[in-house]
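This briefing covers one protein chain, grouped by topic. Please read it alongside the sequence and coordinates.

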Amino acid sequence: MTLEEFLKQCEQSGDGAYAALKSLLEKLEDPKTRTEARVFLSDLQSRVGSSDDCFHKYHFRIQDIYLDRSEGYQGRKKLTMMVIPSIFMPEDWSFTFYEGLNRHPDSIFKEMTVAELGCGNGWITIAIAEKWLPAKVYGLDINPRAVKVSCINLYMNAFDEKGQPIYDAEKKTLLDRVEFHESDLLSYCREHDIKLERIVGCIP
């Protein structure tokens, strides 16, 4: 699908945009088409930007979230995140929540198994993995569309604009540390016998 064809489908409706994004996620999940799909996302962001006009016309937006607004943050300065109308978007209260997490010692999540309840578009889950290097962080949300968009955001931040993997200080990528799943609160973790050491949630 060309960029023009993708945008034409997104312009039809929110459901059309979601269908187009699901198809794109399938390409991101396949190692054979992953690089091409990640480059497509870069071209898409360059083409449409992050304005409200894009959000209303194409039913999605790709925006940068600047992490260095948090106290003491020394790692990656920003995450690039997609949002769609049917999921909660990053608001001031979620940034306040993340800033609160930053006031804890680094040991709070380091090498821990963590879950975030109500992960929305996944930005806090990904930010936790990026800063604290947990063994695993599970982003959980009851909204299936939120989970799909979170997975797109995971790939968008695990690979650079040219589709190459981004490694952390332990030579791992975000794909090694983060999983997103549809879940009613902690049901996914209970059903899969996942032993959690930390649980966080910023649910409005």
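The model is predicted.

**Aromatic pairs**

- The structure holds 9 aromatic pairs.
- In one of them, Tyr-98 and Trp-132, the ring centres are 6.1 Å apart and the planes meet at 70 degrees, so this pair counts as edge-to-face, the cut-off being over 60 degrees.
- This pair links distant parts of the chain, since Tyr-98 belongs to helix α5 (residues 92-101) and Trp-132 to helix α6 (residues 123-132), 34 residues apart.
- Both Tyr-98 and Trp-132 are buried.
- Tyr-155 and Phe-159 form a pair with ring centres 6.4 Å apart and planes at 15 degrees, so it is classed as stacked; the cut-off for that class is under 30 degrees.
- Tyr-155 counts as buried because its relative accessibility is 11%, and Phe-159 is buried with a relative accessible area of 9%; the limit for buried is under 20%.
- Ring pairs also join Phe-95, Tyr-98, Phe-109, Trp-123 and Trp-132 into a cluster.

**Charges over rings**

- The charged end of Arg-61 sits over the ring of Phe-55, at 4.6 Å from the ring centre.
- Arg-145 lies over the face of Tyr-18, with a distance of 4.2 Å to the ring centre.

**Strands β1 and β2**

- Strand β1 (residues 61-66) pairs with β2 in the antiparallel sense, over 6 bridges.
- Within this pairing, Asp-64 has Thr-80 in β2 as its bridge partner.
- Strand β2 (residues 78-83) has 5 of its 6 residues buried, so the rest of the structure largely encloses it.

- Ser-150 is part of helix α7 (residues 144-158).
- The relative accessible area of Ser-150 is 0%, so this residue is buried.
- Apart from neighbours within four places in sequence, Ser-150 is in contact with Cys-119, Gly-120, Asn-121, Gly-122, Ile-126 and Phe-180.

Terms used
Residues are numbered from 1 along each chain as its sequence is written. This is a predicted model: local features need pLDDT of at least 70, side-chain atom pairs count only at pLDDT 80 or more; totals for chains, interfaces and linings use all residues. Side-chain values use heavy atoms; hydrogens and water are left out. Buried means under 20% relative accessible area, exposed over 50%, partly exposed in between (1.4 Å probe, protein chains only). Helices (H or I, at least four residues) and strands (E, at least two) are DSSP runs, numbered from the N terminus. Two strands pair if DSSP finds at least two bridges between them. Rings of Phe, Tyr and Trp (its six-membered ring) pair if their centres lie within 6.5 Å; planes under 30 degrees apart count as stacked, over 60 as edge-to-face and the rest as tilted. A charge sits over a ring if NZ of Lys or CZ of Arg is within 6 Å of the ring centre and within 35 degrees of the ring normal. Contact means heavy atoms within 4.5 Å.
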